[in-house]
Amino acid sequence: MKRHEEWSADILGDGYEERRFAQPDDYSGPVAVTVIRRMPTGGSDKGVLYVHGFSDYFFQSGMGVEFNSRGYAFYAVDLRKYGRSRLDGQKFFEVRSLDEYFADIDAALSQMAADGITEVTLLGHSTGGLTSALYMMHRRPAAVRLLVLNSPFLAWNLPWYERAAIPLLSFIGGFMPGLRVPQPKDTRYARSLRKGLEGRWEYRTAWKPDQMPDVDAGWVRAIERGQRELERGAGIEVPVLVLTSGASARRGDTMDVFHRADGVLDVRRIAKAAAALGDDVTVQSLNGGLHDLSLSSEPVRLKYYESIFSFFLRHGF
């Protein structure tokens, strides 16, 4: 693998390109990041960078189309050990600290700068939202003007007795990071998404499986420590828009509920935790939205993008 591979046609087609960058080796060996882009007709000096969530990768082809239609360049990143960036033999989504991903976001922003993008909105979903908030807390890049978070993983969605075990698992993760932590065997969220089940979207289940895969104690520690950092006050200096569904689905709920609610996180806990992000934080809920709001029904999707574009307009982006 070359240190910096050239741009090539992406698997999504429709004007998308991808480029892989090798990163310095970590505790598991070689790692890489993949940057994906779709440029608007006539070019632009403003762009959006999307960071995906857990057990996920960038596949939402309509997202680039939406931003391009408003004149913004669109970029996405498949983080190390996810999707396009996973190398042979690597353990999917293995991480010990969320700041490992900062270098991947750096690579994408450097490519955007090389392409003439001078103003950026960072858009993060779920764990990508948590990572993006931490990135803005620590890196504070001058080019990033706005932060948009789509159902960010700012708080655990667990019963109190399971939340009580998180600090212990986090502690264990410090010296036994590979200890397996089983996840609920529930496919209802995937059923609400994937075409061929009960959803409308096509994606690679090898990269985004129907059943949430087991994590390890190191992953739990990374998430728990990241959330605690933000809880103490992130001091993010740019305006922040936090978007959530209007409701959460609970264990035991029917598929009808999962088709119109966040089937992964607790939206009330997200809204509460968002207050610690900075001094200029807007929280907006969208009734009927899924966990990934960009994959909701068309009426909710339209509201999702209009909320983002209205936020851009208010802040001169």
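**Buried positions and salt bridges in a predicted model**

Val-238 is buried, with a relative accessible area of 13%, where buried means under 20% relative accessible area, exposed over 50% and partly exposed in between (1.4 Å probe, protein chains only). The structure is a predicted model, in which local features need pLDDT of at least 70 and side-chain atom pairs count only at pLDDT 80 or more, while totals for chains, interfaces and linings use all residues. Residues are numbered from 1 along each chain as its sequence is written, and side-chain values use heavy atoms, with hydrogens and water left out.

Val-238 lies in the loop between helix H7 (217-231) and strand S10 (240-245); helices (H or I, at least four residues) and strands (E, at least two) are DSSP runs, numbered from the N terminus. Leaving aside neighbours within four places in sequence, Val-238 is in contact (heavy atoms within 4.5 Å) with Met-136, Val-144, Arg-145, Leu-146, Leu-147 and Asp-280. In the loop between H7 and S10 there is also Glu-237, which counts as exposed at 65% relative accessibility. The side chain of Glu-237 meets that of Arg-140 in a salt bridge (3.4 Å, N to O), a salt bridge being a side-chain nitrogen of Lys or Arg within 4 Å of a carboxyl oxygen of Asp or Glu. This pair links distant parts of the chain, 97 residues apart, with Arg-140 in the loop between helix H3 (127-138) and strand S7 (144-150), and Arg-140 is partly exposed, with a relative accessible area of 34%.

The structure holds 27 salt bridges. One of them joins the side chains of Asp-216 and Arg-96 (3.5 Å, N to O), and this pair also links distant parts of the chain, with Asp-216 in strand S9 (residues 215-216) and Arg-96 in the loop between strand S5 (73-78) and H2, 120 residues apart. Asp-216 is buried, with a relative accessible area of 4%. Both residues belong to a network of salt bridges that also includes Asp-26, Lys-81, Lys-91 and Glu-94.

A further buried position is Ser-296, with a relative accessible area of 0%, in the loop between strand S11 (281-286) and helix H10 (298-314). The side chain of Ser-296 reaches the backbone oxygen of Leu-293 at 3.0 Å. Apart from neighbours within four places in sequence, the residues in contact with Ser-296 are Arg-200, Trp-201, Gly-289, Leu-290 and Arg-301.

Notes:
Polar contact = N/O pair within 3.5 Å; in protein donor to acceptor, adjacent residues only side chain to side chain.
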